[in-house]
Amino acid sequence: MNLIDLQKTFKTDDDALEYLAKLRWPDGVRCVICGADTVKQYVSPTKKQPNRKVYQCQEPTCKQQFTATAGTIFHDTHLPLTKWFAALALITDAKKGISAAQLQRHLGTSYKAAWYLAHRIRKAMEETGAPLTGTVEIDETYVGGKSIRRSNRGNRRYEMKDAVVGMVERGGRLRFRYIGKGSATADRVRPVVRENISRDVERVITDESTIYPPVFDGYIASKHETVCHRDEYVTGVDTHTNTIESAFSLLKRGIMGSFHSISIKHLPRYCSEFEYRFNRRQQPSMFEETLAKMTRVKPMPFATLTADPSPTLEV
């Protein structure tokens, strides 16, 4: 949904709240405590929302009052739902991400509110699914820090960088998994691969890195193919890792061009955002699907988001 359609559809917070209720309870409103469908609706006006709707469970043992935002990511928010919806439209439509500073300017909020809002939307974008199948490309990339060169061989080491493993089905789903600081090794990549790639995969393609043979040994070694990037980009007809490298380029351009610097602590959440958007890049209903997910995600307090501060990842 683009911003013009958004403004036409959700003129007021009441419109947004009604739409949210339909997304949350497509078969009729249910009590958020006991799950009963014997619910009545009342109007409980406030200064900001003169037509604010409140529901009350009619079960004698419950009698709970609640709104459409109760128990969701929107619970007790001080921002109008129209601004939430605008932020969601901007984030889902931004191919390389949008910074909190840019959201601040678009929404007319404080930087803190925009930053917190963006991270709660990214939280809703975190997902898991069935292991990848078909033809799968795997590669690793490094973000932040500086690479160190050994004096004897000149090989790069990545003690100062943070490693992300990427896996993508040809024409299908993408997975980004942050595996921590330092060089990607077979021991660190193995559990990620075995959790996210099915034994029934048809082919798995990597570059010539020495970390992958031990990863696939005893698992899917017979289906492993490699391309030697020192000599060529494609081996044979279609043995390449161009798909996963293009996905990495979006992640890198987003970090370097949109965010400029991010916290290492939040890197997995940024990876989830780019993964989520890549997997739905041709899906016109991404806004509606993400909004529905946001009604099922538990609230993330600001104290939880900012606990145990981590160093900033400069790029």
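Predicted model: local features only at pLDDT ≥ 70, side-chain atom pairs only at ≥ 80, totals over all residues.

Three strands make an open sheet, ordered β1-β2-β3, and they pair antiparallel. Which strands stand at the edges? They are β1, residues 39-43, and β3, residues 65-66; each has a single partner strand, so one side of each has no neighbour in the sheet. As a reminder, strands of a sheet pair through backbone hydrogen bonds, either parallel or antiparallel. Strand β2 covers residues 53-57, and its antiparallel pairing with β3 runs over two bridges.

Next, the cysteines. How many disulfides does the model have? The count is zero, taking a disulfide as two cysteine sulfurs within 2.5 Å. Take C34: its closest cysteine sulfur belongs to C57 and is 3.6 Å away, which is too far for a bond. C34 is partly exposed, because its relative accessibility is 43%. C271, by contrast, has a relative accessible area of 1% and is buried.

The largest nonpolar core has 42 residues, and the members touching the most others are W84, F85, L103, I121 and M294. Two or more residues come from each of these elements: α2 (13-24), β2, α3 (81-93), α4 (100-107), α5 (111-125) and α10 (286-294). Helix α3 gives the largest share, nine residues. To see one of those core residues up close, click on L103. Setting aside neighbours within four places in sequence, L103 contacts A87, L90, I91, I98, G108, A114 and A118. Another core lies apart from the largest one; it has 22 residues, including I211, Y212, F216 and I220.

Last stop, T141. This residue sits in strand β4, which spans residues 135-143. Is T141 buried or exposed? Buried, because its relative accessible area is 10%, and the cut-off for buried is under 20%. The T141 side chain makes a polar contact, at 3.1 Å, with the side chain of K252.

Notes:
Residues numbered from 1 in each chain as written. Heavy atoms only, no water. Buried < 20%, exposed > 50% of the residue type's maximum accessible area, 1.4 Å probe, protein only. Pairing = 2+ DSSP bridges. Helix = DSSP H or I, 4+ residues; strand = E, 2+ residues; numbered from the N terminus. Core = buried A, V, L, I, M, F, W, Y, C linked by side-chain atoms within 4.5 Å. Contact = heavy atoms within 4.5 Å. Polar contact = N/O pair within 3.5 Å; in protein donor to acceptor, adjacent residues only side chain to side chain.
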